[in-house]
Amino acid sequence: MESNKQVPVTVLTGFLGAGKTTLLNRILTEQHGKKYAVIVNEFGEQGIDNDLVVDADEEVFEMNNGCICCTVRGDLIRILSGLMKRADKLDAIIVETTGLADPAPVAQTFFVDQDVADRTKLDAIVTVADAVHLSSQLTDHHEAEEQIAFADVVLLNKIDLVDESGLETVKERIRKINPFAKIINTTKCGVSLNEILNLDAFSLKRVLEVEPDFLESDHDHEHDDDVTSLSFVSDTPLDMEKFQDWFSKLLQTKGQDILRTKGILDFTGESDRYVFQGVHMLMDASPMGKWPEGKVRSSRLVFIGRNLENMNLKEGFENCKSA
Amino acid sequence: MKADLNKFTELNKTKFENRGKELRLGIPVINSVVIGNSIAVGFGDGTIRIFKAGQSSEPIKAHNGIVLCISKDGDDIITGGDDGRFLRISLNGEISEIANFGSRWVDHVTANNGSLVCTSGNNVYLWMAGRKEPKILEHESTIGGVAFDSKGRRLAVSRYGGVTLWKKDYSNKWKSSNLLWKGSHNKVIFSPDDRYLVTSMQENQLHFWRLKDKTDSTMSGYGAKVKSFAFVHDTKFLVTSGSNDAVCWPFDGIGPEGRQPICLPFVGNKLVTFVEPFPNENAIFTGLSDGSVFLSEIEKSSNTIIIRSFTESEVTTISVTEDGSSILIGDMAGNILWTSIWDEENK
């Protein structure tokens, strides 16, 4: 199906009390004349001001495809497939998750289910975080780490309630978990909506724009966060066969601990840039046109996950370089 | 006076299209149900239309959002919607509400032999003949489909992890047993002889159980989810969508295990999206993702004729009247063809 017919889906995550409902209601009241469907969970905060609110159950299904970390949200498949049969076309769909939800099955649903992928597209994962409480939540709940790890945008809310150094500390912690997420400081979720909607964050084109702070990846384990990120750069072209061999084995054996990956790859003998991005073991990859004139060709690879230091990632990546 | 104004556009049309009635409604067709020689169709704007021989169809507003599911109870149409309502609609268009679940969708409806069923979330609501209040059958996950056996004594409920099989004992109590198979199960049907139970799964495959000894097996090899499947000619074949061919699994004799399906190919390599048996024949109607529909004899694959040419929208329903005289075809873009199957001289 043509991509312009795909309805964008924005996923709102964040802990209870962070301000998800405030943000949701802002989106719904400010986007006049647009038709939104809002999918909420039954334990969520109340008071959503929209005609089309659908209750979901956050039902996580394991796919029976031999991949233990491949889980999807069964309720989303059912509801999104139903919504796509409506006669009146929707401008966008917003999925609100509970504070304790793992974003991976939500994201994986858009990779795995063909009907969902044909008619909708995951636009972005927006995580609302409470600047006051995020640090303790990150320490106490692995779900909070996952929500930061999967975020395309972190809306750091209630910044009026922390001092400047406290704010810097929490931002640093977010960056350490997820160097690509855009962090937006807000009070009462006061953010321009074009910074959180229609981002197309899961498209491969966007991966090309990702410029995380590669050089700042000094791994001082001040907070000892479980989820971290590692990035690698190489100006030596890679051997395609070696890379595919290493990377597919890596995902097959460590896919459960690797939450998100993104990369731009320069293969020997190929004139095109290869771009990919993935969630756990699921991967979207494609050649994305020629390297720009006058720019140095280099491969860049970023991992977000757990126990990354035990995966020999640096060695594995080095071994993919063409001799 | 008949001018040939439409001569050019009609050149590519089939004789079935030329002699039938075509509607271009622009509203997604969800599904349809046959009641005698009438066919009721549910739409993505909450309306239904009832097609009877020689009569035009006016929309009947049934649900606020979408008609999620449509079935029949005797001579009545029953529907469930995303407005949480479970409705009974007579062939004259009179609507009565059986139940209202508010913001919860009514995902599946069925009926047999006086028992009436709808599902919402994890629950089956079962009205026994003459009872006002439903019995609630609870399940651990959302229900993917429901089906009664031919006598209405057993109710199969598909879900995550398998099928719950509810059986009515002679004191009219419903007791459950489980048929387990890992994964999420969607649509479920009994074979017409009640010997087999078949489900389609979230994965691109079907699963079946032989009920006598509860042996089970998987039918796989599909390129897409199998959304439409049905038994043909009593229980001779199970015909399935989800591939570029109409895949027909043999269910006669020892069943499908260890046997190869018959694959009926179509020109253009489009995905089969809907299959419907021709009543009492060893033949099927096959609807494709480009809107075209073919009639084929299963064991003579050369014997295929085109019923409807393409509309560029996937076929979402095909229904044939009980007497086998007329066919209704609907697609995702809201194009409908309602036409007679037989040429005038062959009637």
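Q: What is the mean pLDDT of chain A, and what share of its residues reach 70 or more?
A: This is a predicted model, and chain A comes out with a mean pLDDT of 87. Of its residues, 91% reach 70 or more.

Q: Which stretch of chain A has a pLDDT below 50, and how many contacts does it have beyond near neighbours in sequence?
A: That's residues 214-221 of chain A, with 4 such contacts in the model. Where pLDDT is low, the predicted coordinates should not be read in detail.

Q: What does α2(A) give to the side of chain A that touches chain B?
A: The contact as a whole takes 17 residues from chain A and 24 residues from chain B. On the chain A side, α2(A) gives the largest share, 4 residues. The elements giving two or more residues there are β3 (53-56), α2 and α4 (114-119) of chain A.

Q: How many residues of each class are on the side of chain A that touches chain B?
A: Sorted by class, you get 8 charged, 5 polar and 4 nonpolar residues.

Q: Which domains does the assignment give for chain A?
A: Domain 1 covers 3-202 and domain 2 covers 206-318. Their C-alpha centres lie 24 Å apart. The contact between them takes 23 residues from domain 1 of chain A and 21 residues from domain 2 of chain A.

Q: Which helices each supply at least two residues of the side of domain 1 of chain A that touches domain 2 of chain A?
A: Those are α3 (103-112), α6 (142-150) and α7 (164-177) of chain A. The residues on that side divide into 15 nonpolar, 3 polar and 5 charged.

Q: What pairs β7(B) with β8(B)?
A: Against that cut-off of at least two bridges, β7(B) and β8(B), residues 85-89, have 4, in the antiparallel sense. The bridge partner of B:Ile77 in β8(B) is B:Ile89. These strands form a hairpin too, with 3 residues between them, and B:Gly84 in the turn has a positive phi of about 80°.

Q: Why are β10 and β13 of chain B called edge strands?
A: The open sheet has 4 strands in the order β10-β11-β12-β13 (chain B), with antiparallel pairing. Both β10 (108-112) and β13 (135-138) pair on one side only, and that makes them the edges. The twist averages 20° from one strand to the next.

Q: How many bridges pair β11(B) with β12(B)?
A: There are 5, between residues 115-120 and 123-127 of chain B, in the antiparallel sense. In β12(B), B:Leu126 is the bridge partner of B:Val117.

Notes: Residues are numbered from 1 along each chain as its sequence is written. Chains are lettered from A and ligands numbered from 1 in the order in which they are written. This is a predicted model: local features need pLDDT of at least 70, side-chain atom pairs count only at pLDDT 80 or more; totals for chains, interfaces and linings use all residues. Domain bounds come from an automatic or database domain assignment. Two residues are in contact if their C-beta atoms, placed from the backbone, lie within 7 Å. Ala, Val, Leu, Ile, Met, Phe, Trp, Tyr, Cys and Pro count as nonpolar, Asp, Glu, Lys and Arg as charged, and the others, Gly among them, as polar. Axes are lines fitted to C-alpha atoms, for helices over the stretch in contact, and angles run from 0 to 180 degrees between N-to-C directions. pLDDT is the predictor's confidence in each residue, from 0 to 100.
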